[in-house]
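These are my notebook entries on a structure that is new to me. I set down what I looked up, in the order in which I looked.

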Amino acid sequence: MRSFCVFLISLGLLACAESAKDSLADARKSLTESRYADAIASADQGLAARGDEVTLWGLELVKLEALARTGQG
């Protein structure tokens, strides 16, 4: 029973986690609104979520551009 409860809790946490594609959309929106710190944070969150190669590349590009615009790139 205990392992079943742990499984349900783990499943719930995964369901609440933002996908890499959602993070990419958030990061791009923040970048266009000149909220560079938010763009970097969203990109980092998406990179941690591990998506497909195209999504990961997009997250890297957004992060790089946000870093460059803040003088950190």
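Entry 1, surface. I looked up the accessible surface of the protein, which comes to about 5,100 Å². Carbon and sulfur atoms account for 61% of that surface. I note here that the model is a predicted one. Of the 73 residues in the protein, 27% are buried.

I found 4 helices and 0 strands in the protein. Read from the N terminus, the order of the elements is α-α-α-α. I then turned to contacts between residues at least 6 apart in sequence, and 54% of these join residues at least 24 apart.

I checked the length of α2, which has 13 residues. Which residues of α2 are buried? I listed Ala20, Ser23, Leu24, Ala27, Ser30 and Leu31. Seen down the helix axis, these buried residues fall within an arc of 130 degrees, and therefore they line one face of α2. The general rule I recalled is that an α-helix has 3.6 residues a turn, so residues three or four places apart point the same way. On the other side of α2, I found Lys21 and Thr32 to be exposed.

I asked what covers the buried residues of α2. The cover includes α3 and α4, the latter running over residues 53–69. I next looked up the largest nonpolar core, which has 14 residues. Those with the most contacts inside this core are Leu31, Ala39, Leu59, Val62 and Ala66. At least two residues of the core come from each of α2, α3 and α4.

With its neighbours within four places in sequence left aside, Leu31 is in contact with Tyr36, Ala39, Val62, Glu65, Ala66 and Arg69.

Where does Ser34 lie? I located Ser34 in the loop between α2 (20–32) and α3 (36–49). Ser34 follows α2 and has a positive phi, near 60 degrees. Its relative accessible area is 45%, so I recorded Ser34 as partly exposed. Lastly, I compared Ser34 with Thr70: they are 36 residues apart in sequence, and their C-alpha atoms are 9.8 Å apart in space.

Terms used: Residues numbered from 1 in each chain as written. Predicted model: local features only at pLDDT ≥ 70, side-chain atom pairs only at ≥ 80, totals over all residues. Heavy atoms only, no water. Buried < 20%, exposed > 50% of the residue type's maximum accessible area, 1.4 Å probe, protein only. Contact = heavy atoms within 4.5 Å. Areas by Shrake-Rupley, 256 points an atom, 1.4 Å probe, with all protein chains shown as cover. Expected span 1.5 Å × (residues − 1). Arc of directions from axis to C-beta. Core = buried A, V, L, I, M, F, W, Y, C linked by side-chain atoms within 4.5 Å.
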